[in-house]
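Visitor: Please show the model and its sequence, and then take some questions on it.

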Amino acid sequence: MPTGADRLADCLLVEGGRVVAAFRNLAPEDWQRPICTEGTRWTAHELLAHLVSVELGKHTLLDTVVVGGQSASESHDADIENAHRVPVLAALPVADLLRQFVEARRANVQRVGCMHANDLDCAARGPLRGNVAVEEIVTAICRHDQTHLRELRAALESPCSQDAHEPAP
């Protein structure tokens, strides 16, 4: 019978596979296509950089919280972090970003799969919702992937207008 950790690890594995497949299937001209997200307009390349940034950040968060360390501070601002990290990562070639995503997601799947019930109950300060259980944070990672994949598919079907959102900082 699968544990909560097994279920969460499987969710990360499946959604991570969907992310990789979606980006690997993009045509060369799609990489600069504007993608409208909540309050931000990124290219597909920048969106992948964002997903890598989040994945790397969650790896650090999961490792830190489970060993009893501190999670994100109350002053942590995900928008500011995106503004700093996404442009740096977006300067990397797509192949490097995909490799980093796969490696970080694999590490997160392994980390979550080894967790015990008490690990999943550890409180952590997530970047958007304050103190929540690690289980909720992992579930949110899967939802985050799903949200951005929907936005990517929507942009491929009908690009957002140039003035729909402010460009990413």
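Guide: Contact here means that heavy atoms lie within 4.5 Å. The model is predicted: local features need pLDDT of at least 70, side-chain atom pairs count only at pLDDT 80 or more, and totals for chains, interfaces and linings use all residues. Residues are numbered from 1 along each chain as its sequence is written, and side-chain values use heavy atoms, with hydrogens and water left out.

Visitor: Which residues does L152 touch, not counting residues up to four places away in sequence?

Guide: Residues up to four places away in sequence are set aside for this list. Beyond them, L152 is in contact with A22, F23, L26, I35, A44 and L47.

Visitor: Which residues have the most contacts inside the largest nonpolar core?

Guide: A nonpolar core is a set of buried Ala, Val, Leu, Ile, Met, Phe, Trp, Tyr and Cys residues joined through side-chain atoms within 4.5 Å. Buried means under 20% relative accessible area, exposed over 50% and partly exposed in between, with a 1.4 Å probe and protein chains only. The largest core has 22 residues, and those with the most contacts inside it are F23, W31, A44, L48 and L152.

Visitor: Which helix gives the most residues to this core?

Guide: Helices are DSSP runs of H or I with at least four residues, strands are runs of E with at least two, and both are numbered from the N terminus. At least two residues of the largest core come from each of α1, α2 (44-66), α3 (78-90), α4 and α6. With six residues, the one that gives the most is α2.

Visitor: How many residues does the second, separate core have?

Guide: Among the members of the second core are L8, A9, A124 and I141. This core is separate, and its residues number 18.

Visitor: How far apart are the sulfur atoms of the disulfide?

Guide: A disulfide is a pair of cysteine sulfur atoms within 2.5 Å, and a search of the whole structure finds one. It joins C11 in helix α1 (residues 4-24) to C142 in helix α6 (residues 134-157), distant parts of the chain 131 residues apart. The sulfur atoms of C11 and C142 are separated by 2.2 Å.

Visitor: Which residue does R7 meet in a salt bridge?

Guide: A salt bridge is a side-chain nitrogen of Lys or Arg within 4 Å of a carboxyl oxygen of Asp or Glu, and the structure holds six. This one links distant parts of the chain, from R7 in helix α1 to a partner in helix α6, 128 residues apart. The N to O distance is 2.6 Å, and the partner of R7 is E135.

Visitor: What is the distance between the end C-alpha atoms of α6?

Guide: The 24 residues of α6 should span 34 Å at 1.5 Å a residue, because the expected span is 1.5 Å times one less than the number of residues. The distance in the model agrees, and it is 35 Å.

Visitor: With which side chain does the side chain of H148 make a polar contact?

Guide: H148 is found in helix α6 and is buried, with a relative accessible area of 8%. Not counting residues up to four places away in sequence, H148 touches T37, W42, L47, H50 and L51. A polar contact is a pair of N or O atoms within 3.5 Å; within protein, one must be able to donate a hydrogen and the other to accept it, and residues adjacent in sequence count only if both atoms are side-chain atoms. At 2.6 Å, the side chain of H148 makes such a contact with that of E151.
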